[in-house]
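Please open the model in a viewer and keep the sequence at hand.

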Amino acid sequence: MRYLHTMVRITDVDASLAFFRDLLGMTEVRRSENEAGRYTLIFLAASDDVEAGRAHSAPLVELTYNWDPEAYGEGRNFGHLAYEVDDIYATCDRLMKGGVTINRPPRDGRMAFVRSPDNISIELLQKGDALPPAEPWVSMPNTGKW
């Protein structure tokens, strides 16, 4: 058995790509449109997984855009996607500057949670050992759901 991808439904391709690609730094490795089924599939790889994503179609995130509008709710029952990052503070800072709310700040230098434009929870984990606690993260309260 081999992990291939996680699928999340999105409602706005541009907003989702701005989040996953531009702010999180993921790379689009494949896209397909199905006119008969009225949907677009966009496959993204984390920065350390681009080569594997292209060569083996895994591990990836599949963004599914259904052309006909549909309400998906908060997506909390989905759980979350988890990504290891080189510097959790720099990642959270970049996301905040991009307008993303840090729902669970990395007060411990190890873990944070944010949400995509479609309210999918994204867990960010520090690669290796936790970073030393630092401001403004130590004093930042949780915001919303994560």
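Across the interface of domain 1 and domain 2, the rule finds 1 salt bridge, that is, a side-chain nitrogen of Lys or Arg within 4 Å of a carboxyl oxygen of Asp or Glu. The model is predicted: local features need pLDDT of at least 70 and side-chain atom pairs count only at pLDDT 80 or more, while totals for chains, interfaces and linings use all residues. Residues are numbered from 1 along each chain as its sequence is written, and side-chain values use heavy atoms, with hydrogens and water left out.

Select Asp48 and Lys127 next; their side chains meet in a salt bridge (3.8 Å, N to O).

Now colour residues 5–66 as domain 1 and 81–139 as domain 2; such bounds come from an automatic or database domain assignment. The area buried between the two domains is about 1,200 Å², with 71% given by carbon and sulfur atoms; buried area is the accessible area (1.4 Å probe) that two parts lose on being put together, summed over both. On the side of domain 1, Phe19, Leu23 and Leu24 lose the most area to domain 2, together 48% of what that side buries.

Proceed to helix 1 (13–23), where helices are DSSP runs of H or I with at least four residues, numbered from the N terminus. Its buried residues are Val13, Ser16, Leu17, Phe19, Phe20 and Leu23, buried meaning under 20% relative accessible area (1.4 Å probe, protein chains only). Just after helix 1, select Gly25, which takes a positive phi of about 85°.

Terms used:
Helices (H or I, at least four residues) and strands (E, at least two) are DSSP runs, numbered from the N terminus. Buried means under 20% relative accessible area, exposed over 50%, partly exposed in between (1.4 Å probe, protein chains only).
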